[in-house]
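Okay, thanks for coming, everyone. Let me put the structure up, and then I'll talk through the interfaces and a few residues.

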Amino acid sequence: MIFLFTDFGLEGPYTGQVQAVLHQQAPGVPVISLFADLTPFDIQAAAYLLPAYSNGFPPGSVFLCVVDPGVGGARPGGVVKADGRWYVGPDEGLFAILTRRAHHVECWALPHPTTASPSFHARDVFAPLAARLARDGAFGTGPVASTASALPEWPDELHRVVYIDRYGNAITGTRAVAVTGASTLNINGHELSRARTFTDMPSGMAFWYANSSGLVEIAVNRGRADRQLDITVGTLFELY
Amino acid sequence: MIFLFTDFGLEGPYTGQVQAVLHQQAPGVPVISLFADLTPFDIQAAAYLLPAYSNGFPPGSVFLCVVDPGVGGARPGGVVKADGRWYVGPDEGLFAILTRRAHHVECWALPHPTTASPSFHARDVFAPLAARLARDGAFGTGPVASTASALPEWPDELHRVVYIDRYGNAITGTRAVAVTGASTLNINGHELSRARTFTDMPSGMAFWYANSSGLVEIAVNRGRADRQLDITVGTLFELY
Amino acid sequence: MIFLFTDFGLEGPYTGQVQAVLHQQAPGVPVISLFADLTPFDIQAAAYLLPAYSNGFPPGSVFLCVVDPGVGGARPGGVVKADGRWYVGPDEGLFAILTRRAHHVECWALPHPTTASPSFHARDVFAPLAARLARDGAFGTGPVASTASALPEWPDELHRVVYIDRYGNAITGTRAVAVTGASTLNINGHELSRARTFTDMPSGMAFWYANSSGLVEIAVNRGRADRQLDITVGTLFELY
């Protein structure tokens, strides 16, 4: 399977143009949109979502990852093999947390493209590569001595909201396993307790919990946490 | 074919995560998103849309139906076979109108899951089941003595808006065949006549008509009924 | 491959209902949503997008094109074969620019349907036809003497915004190859220079460039052109 992890949206042309390349060059391989509404330009938010939302998929899965404000400039492109899964996309930090957490990592830097559209490397460079990885299960003849952009200044657990879902739940860059027990989460002056899931809380009450992909998520039972707590992507919080 | 009938949205991770399970466990079966923007928490609205929008599909079709505010709590999950089509999802009323109208119905209650994520039974329980139904065309060895939640207090025809489409048309829980002839529809003080379709009315005029799935729909030719008549999901109306 | 080029949106029922018809009647043919958020009723905007966004795809591709405010009325439906690609949909001008630019064109007028829903010819008329074209690669026994609606009063290059993408970039109905060199673009009193791509401009600065499908596009590096320049679909501009 090929997974799309982008800020393209689904309704305009970009996801469709990329899917067409994938279907032409890797016929019969299912293409699944995992995220199409990553926050434009926010590479860090995407970097913390990527390992949490790709970990569960089988070895050989290919992730086409694009949050690419630097497209057409000097920024490098990269291919990462992490614990048997493939990742392709612009390399300005998008793979930094993924590679930090993986047990086995190989990386390849891509040459600067000469014929691609300067504004759509996803269609002209990364999608053909993703198709080839899905088809062949290999990249080139051996690992090139290279690492993905590492960004050591980014913390292991990011105390920042990285995504707001359709229900208004706020997904964060912090893994629930890294939080000791029943810690309190403070966001915008609201003190939130931990719960197991929505129905354990009274209707309208805010809380945090370990979401179905292992991240700390801020939610309101039968309500919208984003509006009730005035949260957007980028809002910071504390745990204690 | 497997149809998704949910409130997940398409752009975030949930539809993609469910599609991945379906492609892995029912390879080669087309997966189609029928509704991804059902109103969160509004089980009743979804219940009146489900028979209207699933009736036309062939026997053997599988519908993964999820509006699930009670996920992780004590609410039951269910499988319904109605007139040859399969339906899987949380059973708090979502299947009540479907089963009331179908000619031949079998129901199974699902055991409370022990290993699933308490916030994502769609991925961990219902999608694997939908894949199995699409693959095998059968559930277990025989019908268990069980019925879906029946909600007899819900009317046969619901005089309430249950969905607003991209054009601002308001779809209702009332079947057009249940309305005598040229009845007048009153919503928010506006009296609307019946028409055959958009182009039979002057530009900018509101009306109601039998939509392409057999439901009463409130519309404006070349305009948005939701804004012009101040309608949202949940707005009530009268027919006389 | 079958491409959807519509104003249906993806999250409600219409795209799914059309996809179901296509999967049933052309099994195994990939169906790709190219545009699902064309501006309702704006046939002209769609007409200038269609050749730019369909040109790159291989002969035999089928485009199901629906912006159809006249559905159910007397407006004709049509099939167009242009440079080896197939196009099906309502014919009120949607194919006018496509056929003007193509080297080899054949057109067929469709008979007025008698059994289709008066509000959903896409599902009942155009999708079955698109499936048949994808399957058979031919339409009928020979070209009928007919042309698509030509609209000669529409200019070759339209100085009007025809689409706003998810990033707030404004795509226009003007081909970049038709613009001499470094022309200045004036929109809402803002004078914009031409650039190669986003990263060639300072952050926050508006410019225009030749987008990845060959159209003049108005953008802001790391910003939203629609908000910064107060642009919507329909905004006019000048080039000099």
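**Chains and contacts**

So, chain A and chain B bury about 2,300 Å² between them, and carbon and sulfur atoms give 56% of that area. Keep in mind throughout that this is a predicted model.

Who supplies the chain A side? The top contributor to the side of chain A that touches chain B is strand β2, residues 31-35, which puts in four residues. By class, that side of chain A splits into 16 nonpolar, eight polar and seven charged residues. In terms of contacts, 31 residues of chain A meet 30 residues of chain B.

Now, how many salt bridges would you guess between chain A and chain B? The count is zero. What the rule does find across the interface of chain A and chain B is 12 residue pairs in polar contact, both partners at pLDDT 80 or more.

Okay, symmetry. Chain A goes onto chain B with a rotation of 120° and 0.0 Å of shift along the axis, at an RMSD of 0.0 Å. The two copies are therefore related as by a three-fold rotation axis. And which residue of chain A comes closest to that rotation axis? That's Leu10(A), with its C-alpha at 4.6 Å.

Here's the bit that goes with the rotation. Just 19% of the interface residues of chain A are also interface residues in chain B, so the copies meet through different surfaces.

Let's move to the chain C and chain B pair. Here 30 residues of chain C are in contact with 31 residues of chain B. The buried area between chain C and chain B is about 2,300 Å², with 56% from carbon and sulfur atoms.

On the side of chain C that touches chain B, helix α1, residues 13-25, gives the most, with eight residues. That side of chain C has 13 nonpolar, 12 polar and five charged residues.

First up, Ser117(C). Find the loop between β6 (105-110) and α4 (121-136) of chain C, and Ser117(C) is in there. Is Ser117(C) buried or exposed? Its relative accessibility is 11%, and buried means under 20%, so Ser117(C) counts as buried. Setting aside neighbours within four places in sequence, Ser117(C) is in contact with Arg123(C) and Asp124(C), plus Ser212(B) from chain B.

Next, His104(A), in the loop between α3 (96-101) and β6 (105-110) of chain A. His104(A) counts as exposed, with 51% relative accessibility; the cut-off for exposed is over 50%. If you want a distance to check, His104(A) and Pro155(A) sit 51 residues apart in sequence and 20 Å apart C-alpha to C-alpha.

Last one, Ser203(B), which lies in the loop between β10 (190-192) and β11 (206-210) of chain B. At a relative accessible area of 57%, Ser203(B) is exposed too. Not counting residues up to four places away in sequence, Ser203(B) touches Asn221(B) and Arg222(B). Go along the chain to Gly223(B), 20 residues from Ser203(B), and the two C-alpha atoms are separated by 7.6 Å.

That's my tour, so over to you.

Definitions and conventions:
Residues numbered from 1 in each chain as written. Chains lettered and ligands numbered in written order. Predicted model: local features only at pLDDT ≥ 70, side-chain atom pairs only at ≥ 80, totals over all residues. Heavy atoms only, no water. Contact = heavy atoms within 4.5 Å. Buried area = accessible area lost by both parts, 1.4 Å probe. Salt bridge = Lys/Arg side-chain N within 4 Å of Asp/Glu carboxyl O. Polar contact = N/O pair within 3.5 Å; in protein donor to acceptor, adjacent residues only side chain to side chain. Helix = DSSP H or I, 4+ residues; strand = E, 2+ residues; numbered from the N terminus. Nonpolar A, V, L, I, M, F, W, Y, C, P; charged D, E, K, R; others polar. Least-squares fit on C-alpha atoms with pLDDT ≥ 70 in both. Buried < 20%, exposed > 50% of the residue type's maximum accessible area, 1.4 Å probe, protein only.
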